[in-house]
Amino acid sequence: MKGTFGRTVKLGISSLLLHKLRSLLTTLGVLFGTSSVIAMLAIGEGASEEAQEQIRQLGSNNVILRSVKPREDFATGASQSVRVLSYGLTEDDLGRISDTFPGVARVVPVREIYEEVRYSDRALNPRVMATLPVYREVTGRVVSEGRFLTDQDELGVSNVCVLSYDAARKLFPVSSPIGEQVKIGADYYTCVGVTLDHVRQQADSAGAGKSTAEVFIPLETGRKWYGSMQVKLRAGSREMEEVELHEIVVEVEDPINVEMVANACREMLSRNHKQGDYEIVVPLELLMRAEETKRIFNIVLGSIASISLLVGGIGIMNVMLATVTERTREIGIRRALGAKRRHIVAQFLVECVVLSVGGGLLGVALGLATPLVVEHYAEMRTIITPTAPLLAFLISSGVGVLFGIYPAWRAATMDPVEALRHE
Amino acid sequence: MTDSNSKPVAELVGVVREYRMGTNLVRALDDFSFTFGRGEYWAVMGSSGSGKSTLLNVLGCIDRPSQGDYLIDGISTKSLDDDQLSEVRGRKLGFVFQSYNLIPQLNVLENIMVPLFYQDDPPADGEERARKLAERVGLSQRLDHKPTELSGGQQQRVAIARALVNHPALILADEATGNLDSATALEILALFDELHAEGRTIVLVTHEPDVGERAQHVLRLKDGKIESVRRGQNSAAGARA
């Protein structure tokens with residue numbers, strides 16, 4: 001019996017090579033099926049991973065309240081040239097949340113300052129945030145150089161600032177910003193630290209580009225120099241905005257209570273802000289929704305994948321049935337020379353498996369290459385999990401066996417007399 | 001009727017083979033009993049529809065009698081299943097077909113070895129046997145040629161080598177010279193004479209009288225029955241005492 005299997009495989013390959021083009025075309029179905037499974041899974045995995053990371057960066061223990069400018073019709077009646085728009089979260093909201101809400105660990109207020117940031121001849125419009133030192137911990141900012149804001153800065157109302165890496169890179173392309181004097185609006189601030197960039201949530205459409213440039217200053221300093229009234233220059237008109245707090249980050253002690261706190265915030269805000277000048281972002285809810293979306297996505301991808309592999313398998317079966325008919329005489333000869341049914345089954349099954357495994361291997365190669373290309377040209381993140389190519393390969397080989405069984409059985413059960421008479 | 005001084009190679013006992021053609025039942029072999037003795041060289045002749053092909057198929061174990069029994073080398077085939085019957089074909093029989101029937105993907109050496117592939121316990125010296133047979137039929141220089149690269153006569157020589165590789169009890173030839181020109185046909189028939197001289201048992205189906213004349217004995221069929229049996233000692237001396 002030794003060498004029988006090797007010989008069967010060799011024979012199968014040489015039979016397939018007899019019809020090179022046909023064999024190649026047959027493998028294409030499996031090839032594209034396999035590769036599209038891998039590529040789709042990699043791209044889907046990458047996209048959902050990216051979304052989840054953005055959400056996670058917001059802090060899954062946090063509930064984020066934001067001031068939103070109400071729709072214009074609330075401000076009608078004000079004069080066209082100068083108007084004061086008053087909206088948003090207030091210090092009272094902050095107090096209520098931190099004093100009365102159970103399960104809340106820390107509450108961090110954020111004020112945004114609409115000022116340009118300059119150093120030497122370089123200017124930047126980053127998101128300037130006046131906030132407390134705990135902001136770093138609550139939102140998971142990482143300090144890469146120097147330090148973050150401290151309580152001393154807060155108590156001393158110091159003119160210090162911390163730059164995000166993106167802001168630091170743009171203002172100080174070659175040197176370190178630590179200790180340098182940065183001009184925010186009309187005042188000078190000593191730069192004391194640099195944080196790593198933070199991917200901002202896409203829904204946060206705060207403005208120009210997807211800049212991650214951020215500048216942090218102490219909350220008190222911001223309050224002292226800029227008050228709550230800010231002037232925004234806008235296409236010829238001056239617009240006054242009065243916003244006490246732009247953002248309140250509520251950190252919840254236990255993730256179980258996130259939803260409860262979020263609902264409490266919703267209720268409180270809907271009572272006190274009839275004009276709807278706020279929004280609530282609950283990263284945990286977004287995360288759960290994203291995971292649900294991913295699950296559905298994977299089911300859809302899985303079905304598409306199985307359909308494409310099914311089509312590939314049918315292609316193989318179709319060609320093998322034609323091959324069996326075409327080689328009826330050969331089957332008759334082999335049977336007359338002593339081949340048992342199992343030999344004939346093995347012969348055709350091996351051909352199917354060689355076709356599908358060949359297609360599967362090429363498909364895995366193509367499937368691994370496609371995400372790289374996509375990543376390079378479409379700037380999308382892709383993640384190839386090790387199970388995806390393995391799974392795709394195993395399924396494609398299985399498809400070969402499954403769809404080869406019927407043609408092989410047909411070949412094996414032919415009447416030798418009839419088969420020999422076949423022209 | 002049996003050749004008394006040797007055990008029969010193939011024995012048909014009351015064989016009936018019926019086919020259904022549409023609504024008609026056709027008896028291709030009708031209560032057919034006959035014995036082919038060891039070392040005999042038979043030509044089976046008859047017009048088309050006489051049942052000679054069916055006889056050959058039954059002798060070759062690729063067709064089964066509807067009734068009766070067929071014994072090959074003393075083995076009753078009546079109760080054998082498909083696998084066992086295949087094994088009998090692989091061990092006891094050698095086939096030579098009219099259209100050679102070599103396997104196109106395989107080269108000469110591999111084609112000769114095919115019957116050995118399928119034996120349950122293939123001999124270890126298969127390749128050696130195949131080389132010797134190739135040499136014997138004059139094709140030792142063409143072992144790695146594919147069938148399409150050979151002439152008809154050469155292909156039939158490969159087929160004869162293939163029919164010998166498993167040391168069969170019975171060699172069956174179906175119009176083995178039908179596709180060959182007369183000179184080549186004579187060469188092939190000379191090869192059969194040689195095999196007969198070596199003591200091999202050969203049954204050759206033909207409708208050509210010239211070919212039939214060269215055989216030791218002639219069996220004529222008509223309507224699935226024996227029309228005549230002509231025993232002779234003329235050809236191929238030495239096989240019979």
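Trainee: How exposed is R118(A)?
Mentor: R118(A) counts as partly exposed, because its relative accessibility is 35%. Buried means under 20% relative accessible area, exposed over 50%, and partly exposed in between, with a 1.4 Å probe and protein chains only. Bear in mind that this is a predicted model: local features need pLDDT of at least 70, side-chain atom pairs count only at pLDDT 80 or more, and totals for chains, interfaces and linings use all residues. Residues are numbered from 1 along each chain as its sequence is written, chains are lettered from A and ligands numbered from 1 in the order written, and side-chain values use heavy atoms, leaving out hydrogens and water.

Trainee: Which side chain does R118(A) meet in a salt bridge?
Mentor: E116(A), at 3.2 Å, N to O. A salt bridge here is a side-chain nitrogen of Lys or Arg within 4 Å of a carboxyl oxygen of Asp or Glu. E116(A) is partly exposed too, at 32% relative accessibility.

Trainee: And where do E220(A) and R223(A) lie?
Mentor: Both are in helix 7 of chain A, residues 219–226. They sit three residues apart, about one turn of the helix. Helices are DSSP runs of H or I, at least four residues; strands are runs of E, at least two; both are numbered from the N terminus.

Trainee: Switching to chain B. What does the R230(B) and E213(B) pair tie together?
Mentor: Their salt bridge has its closest N and O atoms 3.6 Å apart. R230(B) is in strand 10 (225–231) of chain B and E213(B) in helix 7 (209–214) of chain B, so the pair ties together parts 17 residues apart in sequence.

Trainee: Which residues do shared partners join into one network?
Mentor: K340(A), R342(A), D83(B), E87(B), R91(B) and D120(B). Within that set, K340(A) and E87(B) meet in a salt bridge at 2.3 Å, N to O.

Trainee: How many salt bridges are there between chain A and chain B?
Mentor: Seven. Over all chains, the whole structure has 47.

Trainee: How many residues does each chain give to the contact?
Mentor: Chain A gives 26 and chain B gives 26, with contact meaning heavy atoms within 4.5 Å. The area buried between them is about 2,300 Å², and carbon and sulfur atoms give 55% of that. Buried area is the accessible area (1.4 Å probe) that two parts lose on being put together, summed over both.
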